[in-house]
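Biologist: I am new to reading structures. Could you take me through this one, a feature at a time?

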Protein chains: 2
Amino acid sequence: MVDLKSGANPLFLREEELRRGIELMFYAYREFTSEPDRILSEIGFGRAHHRAIYFIGRYPGITISELLVILRITKQSLSRVLSQLLEQGYVVQTRGLRDQRQRLLTLTESGRDLEERLTDTQRQRFAAAYRSAGAEAVAGFRAVLAGIMDPADLERVERLLPSPPDGKRRDADEEDSGRGKLADKVGR
Amino acid sequence: MVDLKSGANPLFLREEELRRGIELMFYAYREFTSEPDRILSEIGFGRAHHRAIYFIGRYPGITISELLVILRITKQSLSRVLSQLLEQGYVVQTRGLRDQRQRLLTLTESGRDLEERLTDTQRQRFAAAYRSAGAEAVAGFRAVLAGIMDPADLERVERLLPSPPDGKRRDADEEDSGRGKLADKVGR
DNA sequence: AGAATAAGTCAACATGACTGACGTATCGCA
DNA sequence: TGCGATACGTCAGTCATGTTGACTTATTCT
């Protein structure tokens with residue numbers, strides 16, 4: 001059995017540090033989702049509804065298949081939550097202009113309200129954590145999470161934020177009204 | 001509708017930065033659990049089994065009620081996975097010495113093997129992310145996640161790691177064999 | 001014209017959470 | 001000493017969210 005105590009042992013420290021990272025992820029993620037979950041349960045929705053609402057709000061006019069790529073769930077799973085969101089007037093579908101087979105998804109007024117209400121609790125949590133940890137810590141936080149996630153997902157996240165915070169956008173061309181072609185942002 | 005493009009607008013940046021944090025959490029957590037999930041599904045287990053095995057391995061001799069506090073699930077939910085782990089020989093129960101009502105949980109040899117196999121994929125993921133991000137980034141990562149999680153959970157995580165990495169332990173007394181009294185570590 | 005693509009739908013199933021109720025053994029205190 | 005509190009186990013039912021597999025319809029592309 002391994003010696004679990006020797007504080008000077010670098011292997012022990014490494015093991016402890018890695019486990020600490022694992023545990024921080026577990027506990028932080030649970031806390032991160034707890035408030036939205038509570039609000040959602042009051043109106044008979046679950047976490048899956050939040051995810052759909054969040055990304056439809058994030059990429060207005062997103063298609064079903066693009067949303068499926070982001071969420072990595074099956075069409076049937078998405079269908080269940082989406083049909084509820086449509087029925088209850090949080091989301092609307094319109095046909096694609098170029099491709100009439102596509103259904104473009106957009107939040108309604110009340111959809112935006114709900115999204116705002118849900119995401120705001122998470123934004124506030126992050127804002128507080130960022131404030132108390134400092135700007136340098138935020139950069140470190142992002143660097144580590146970026147190293148953990150799937151590179152394809154990272155691509156998608158970074159597309160929307162300028163790398164140096166001085167106005168230089170990556171795909172600033174070929175956009176017309178503040179919302180670009182979604183296919184570019186989502187990535188296949 | 002809000003102007004989503006003006007790169008010089010500080011409010012836009014703040015909003016974007018916060019959303020980026022939210023998305024990093026979503027994507028990173030999914031990736032973080034994907035490998036263990038894959039392994040578990042091969043042997044007919046799920047994520048809940050990993051969580052139980054992980055924390056029993058982390059706190060050998062932990063009681064049922066302490067485990068419930070950590071996992072924040074109901075006794076009935078834990079019971080299902082735990083009875084499978086007991087039946088299939090990954091975990092053993094012994095009666096508490098001081099309090100005979102308690103069932104102390106410990107991993108068996110094969111339980112430790114499985115835990116090692118599952119957690120190792122996560123450790124490697126963290127090790128790679130830590131390596132590429134650097135030590136300072138790791139400190140930032142931890143600071144931000146610590147700010148997001150429940151303070152009670154943070155307490156529990158920090159109890160096991162010396163604050164300055166030089167061997168000073170918080171509760172280095174009253175331990176006998178490298179494993180302290182669990183009640184202290186778990187926290188109520 | 002026919003294959004490929006986007007989306008919708010039906011059915012069945014697994015997992016992991018929940019509530020509520022009740023039983024048993026043990027501990028601790030008045 | 002006896003009784004309430006505690007630790008654990010269990011039965012039963014429900015719900016949310018994921019899965020696989022099969023099939024349909026409308027539209028686009030070659």
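Modeller: Start with Ala137(A). Keep in mind that this is a predicted model. Count the other C-beta atoms within 10 Å of the residue's own; 20 or more make it buried.

Biologist: Is Ala137(A) buried or exposed?

Modeller: Ala137(A) has 23 other C-beta atoms within 10 Å, so it is buried. Ala137(A) sits in helix H6 of chain A.

Biologist: Which residues is Ala137(A) in contact with, beyond its neighbours within four places in sequence?

Modeller: Look across to chain B. Ala137(A) is in contact with Gly140(B), Ala143(B) and Val144(B), leaving aside neighbours within four places in sequence.

Biologist: How far is Ala137(A) from Arg125(A)?

Modeller: Their C-alpha atoms are separated by 15 Å. Along the chain, the two residues are twelve apart.

Biologist: What should I look for in a core?

Modeller: In soluble globular proteins, nonpolar side chains tend to be buried together. Here, the largest nonpolar core has 40 residues. Ala28(A), Val144(A), Ala28(B) and Val144(B) have the most contacts inside it.

Biologist: Which elements give two or more residues to this core?

Modeller: In chain A they are helix H1 (10-42), helix H5 (109-133) and helix H6 (135-148). In chain B they are helix H1 (10-42), helix H5 (109-133) and helix H6 (135-148).

Biologist: How many of the 14 residues of H6(B) are buried?

Modeller: Ten of the 14 are buried, so H6(B) is largely enclosed by the rest of the structure. Among them are Phe141(B), Arg142(B), Val144(B) and Leu145(B).

Biologist: And which residues of H2(A) are buried?

Modeller: First, the general idea. An α-helix has 3.6 residues a turn, so residues three or four places apart point the same way. Now the case: the buried residues of H2(A) are His49(A), His50(A), Ala52(A), Ile53(A), Tyr54(A), Ile56(A) and Gly57(A).

Biologist: How many helices and strands are there in chain A?

Modeller: Chain A has eight helices and three strands. Along the sequence, the pattern is α-α-β-α-α-β-β-α-α-α-α. Of the 188 residues in chain A, 32% are buried.

Biologist: What order do the strands of the sheet take?

Modeller: The order is E1-E3-E2 in chain A, an open sheet with antiparallel pairing. Strand E1 (62-63) and strand E2 (91-95) of chain A are at the edges with a single partner strand each, so one side of each has no neighbour in the sheet.

Biologist: How many bridges join E1(A) to E3(A)?

Modeller: Two bridges join them. Thr63(A) stands opposite Leu104(A), and Ile62(A) has Leu105(A) as its bridge partner. E2(A) and E3(A) pair over five bridges. One partner pair there is Arg95(A) and Arg103(A).

Biologist: Which residues are closest to DNA strand C?

Modeller: Thr63(A), Ser65(A), Gly46(B), Ala48(B) and Gln100(B) are the closest of the 24 residues around DNA strand C. H4(A) gives the most to this surface, with four residues. By class, the surface has four nonpolar, 14 polar and six charged residues.

Biologist: Which residues come nearest to DNA strand D?

Modeller: Gly46(A), Ala48(A), Thr74(A), Gln100(A) and Ser65(B) come nearest, out of 24 residues around DNA strand D. H4(B) supplies the largest share of this surface, four residues. The surface near DNA strand D divides into four nonpolar, 14 polar and six charged residues.

Methods. Residues are numbered from 1 along each chain as its sequence is written. Chains are lettered from A and ligands numbered from 1 in the order in which they are written. This is a predicted model: local features need pLDDT of at least 70, side-chain atom pairs count only at pLDDT 80 or more; totals for chains, interfaces and linings use all residues. A residue is near a molecule or strand if its C-beta atom, placed from the backbone, lies within 6 Å of it. Ala, Val, Leu, Ile, Met, Phe, Trp, Tyr, Cys and Pro count as nonpolar, Asp, Glu, Lys and Arg as charged, and the others, Gly among them, as polar. A nonpolar core is a set of buried Ala, Val, Leu, Ile, Met, Phe, Trp, Tyr and Cys residues joined through C-beta atoms within 7 Å. A residue is buried if 20 or more other C-beta atoms lie within 10 Å of its own, exposed if 12 or fewer, and partly exposed in between; C-beta atoms are placed from the backbone. Two strands pair if DSSP finds at least two bridges between them. Two residues are in contact if their C-beta atoms, placed from the backbone, lie within 7 Å.
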